Amino acid sequence: MSTARTLATLRGSIERLEQGAAHDLNKIALGHAAADSVLHGGLACAAVHEVFAEGHQSAAATGFIAGLAGRVSPRRPLVWVRQDFSEIESGALSMGGLCELGLNPRLLVTVRAPDTDAALRTAADALACDALGAVVLEVWGQARQLDLVASRKLTLAAAASGVTALLLRVAAEPRPSTAETRWIVRAAHSPPSAPWSAWGVPVFDAQLVRNRHGPVGRWIMEWNCDECLFSEPSAYPQPLAATPAHRPHQAQAFAGQRRAS
Amino acid sequence: MLPLPPAGEGWGRGAVAGDTLEMTQTFLSVVVAKQHNAILIHSLDEAAVQAGLSIGLPLANARAICPELTVFDADEVADRKTLEDIADWCDRFTPLVALDPPYGLFLDITGCAHLFGGERALLQIVSSALSRRGFAVSAAIASTSICARTLTRQTSGKIIAEGEEAEAVSPLPVSALGAGDAITAGLRRAGLKTIGDVASRGRHEITARFGAPFTTLLQQALGQGDAPISPRKPPPDYIVEKRFPEPVATDTVIAMNLSALAGMLVTAMDKQGKGARRLEASFFRTDGAVRTIPVDTGRPVTKAEAIDRLFRERLDALNDPLDPGFGFDLIRLSASRTEIVVQQQRDLDANVHDNDELSALIDRIAARIGGKRVVVHLPEDTHIPERAVLSVPAQHHLAVAAQAAWPERIESEPPLRPLRLFEKPEPIKVPFATVPDGPPHQFTWRRVTHAVVRVEGPERIAMEWWKPNGDGPTRDYFRIEDEAGLRFWIFRDGLYESEPADAEGEPASIRWFVHGLFA
């Protein structure tokens, strides 16, 4: 195991020790320190996570969700359910590209569902199978079928089997759901350098807009293809996260804590 | 379709040969077909025969004989379809049913007759059931299929014991052999009227005059050697079935019976340590229609619940649901492909358990949405990006895909291949490229203009000219990042000033495509 990955795992375990037993241990550190601390140690397994993206940002969102899947289940099979339409709209998942991201195409089983109903049903079926590591459900557009009830079903199935459900929603508006976290992902431009120099690893502008057990935030994340892990980009000006309306600003919250102690 | 020649079921114990044609109540009807630029009678009914018409008579002559003739056009496709439907129906008697076009069927009833109360009773059941549906039936049972067929040409309902074929066939006219017009006419001219006459001649004489195939046919008709029939479907390895005196039509009863059958099938397979790879459920409707629903599995199935569940998924997802009509009187479950099951230690080895679970899941999904929609990926030995990956059904290739040798990525290199690849590269508009061989400064894709900020390339990929149809323009691929951070994989089709040329040899306009999107 490489140093960075060990470090991320250790950070996660320290985080968990610090948090105490209040949070379940079934969390996988993403590797991005700030995001992991907001998520109390990392992404929760056996839950539903949603990733939203605009239509033209589908590749970035795909990269992000492939990264999440890679983090959650590096060794167990991954079922990727998608509609026929999304292949026409944003291209098929390329195995070469998956290899280049450091993920393992041998573990991938792709299901091409003819429509949203079939995709949803297949995903629910797959989530009930505890031999899998994660299930990615890719739905294009505002799917009427993917309502609160459907989302609740997925959550229950995921919790029962311990499989993580990752929903890739391209060209859709967030709607109420029982997801553990919800992300909006965009492509971030490469770190400033000379225009003739090669661009590097994938960089995401990931905005956490919903977190059931903590605050939200927005970070620039880099996918480290060698270590299979997210990280802070080197020499990249971090954007200032917008203060979420419904939660106290982080600095204020900390100030409050300090006063209380 | 009209009778005459009456058709029979050729049966052997052997076969039953039978010709079946629909009878109509219409007075004097004929079916005509165009042969050699003349409209000739193709088949006709009993009344027309009595009026003096015969097969092969031109329609004009027939009209002259009987002006009040009802004429139908021959439809060979529909005839064939009807024959196949009857063959489907005959599946209930034996799994070995062969077609003998245009009107006949062979049923190999070896070991099946006792299930229906003996040969006589079976012959009776088949003939009467088909007659009730309006077909003219002529059926016979004999030890060889050809002998049975020869008998049906003349009389119906004969059952010939083994060894008595020659005796039974000898008095029949040579036309009953069905050897073709030329041979039949030749035999008549030679004064050989019955099969017995022909058989009495030396074999070498007959062979010299009419050819070896005819001699073989003759011998088979006489019971000296059997012609193998070619059944429509290979016989399944295991069959279990349930007959209903009172037809069943409700979904719950059908599902209940199907799961009971699944239990019986598993018990039967279990004795020999087999598991099913392909299962077929056949539903025989009272009106003769048969619906067969196949289900494939990735691994040999040995559990009744698994079989039951697969069929429930499949029946749920049928595009045209099972139509019981007036009910099914026979439901059959057969395992048409089976494999020996290797017993593995399950409790200790988590991997075995996981693999079993995964293949069971794949089978279920495949049963519902189709096996071709659940795929795993195998690398192909080519550098053409769109052909680099082969998607194959997961049911059959799961183990191979888990061992596939994918090219290793180069450490500490950014991704060289896009994460999403378009099956068909999408054309983009490039207003100009400053350097002839260089990348564009901006391009329009899907009506949005992207300004190029970063470029890497070109990566030149030549087509596989050494393969048939593999030739094409060389592509120069560029990895491009636009001002928003979106990353594209675009290429120029053809090299400047060399490859793309129109008919006059002038350089054709350059086309650009976007082929993929990077994360």
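I began with A:Arg218, which is partly exposed at a relative accessible area of 27%. For my own reference, buried means under 20% relative accessible area, exposed over 50%, and partly exposed in between (1.4 Å probe, protein chains only).

Notes on the source: this is a predicted model, where local features need pLDDT of at least 70, side-chain atom pairs count only at pLDDT 80 or more, and totals for chains, interfaces and linings use all residues. Residues are numbered from 1 along each chain as its sequence is written, chains are lettered from A and ligands numbered from 1 in the order in which they are written, and side-chain values use heavy atoms, with hydrogens and water left out.

**Salt bridges within a chain**

I looked up the partner of A:Arg218 and found a salt bridge to A:Asp205 at 2.6 Å, N to O. The rule asks for a side-chain nitrogen of Lys or Arg within 4 Å of a carboxyl oxygen of Asp or Glu. A:Asp205 lies in strand 10 and A:Arg218 in strand 11 of chain A, so the pair ties together parts 13 residues apart in sequence. Strands here are DSSP runs (E, at least two residues) and helices are H or I runs of at least four, numbered from the N terminus. A:Asp205 is buried, at 9%.

Next I checked B:Arg387, which forms a salt bridge with B:Glu464, the closest N and O atoms being 3.1 Å apart. Both residues lie in loops of chain B, so this pair ties together parts 77 residues apart in sequence. B:Arg387 is partly exposed at 38% relative accessibility, while B:Glu464 is buried at 2%.

**Across the interface**

I then turned to the two chains: 59 residues of chain B are in contact (heavy atoms within 4.5 Å) with 67 residues of chain A. The rule finds seven salt bridges across this interface. Helix 13 (residues 350-369) of chain B gives the largest share of the side that touches chain A, with ten residues.

One of the salt bridges joins B:Arg368 and A:Asp125 at 3.3 Å, N to O. Those two belong to a salt-bridge network that also links A:Arg121, B:Glu313 and B:Asp316.

Another has A:Glu138 and B:Arg420, with closest N and O atoms 2.9 Å apart. That pair crosses from strand 7 of chain A to strand 16 of chain B, and both residues are buried.
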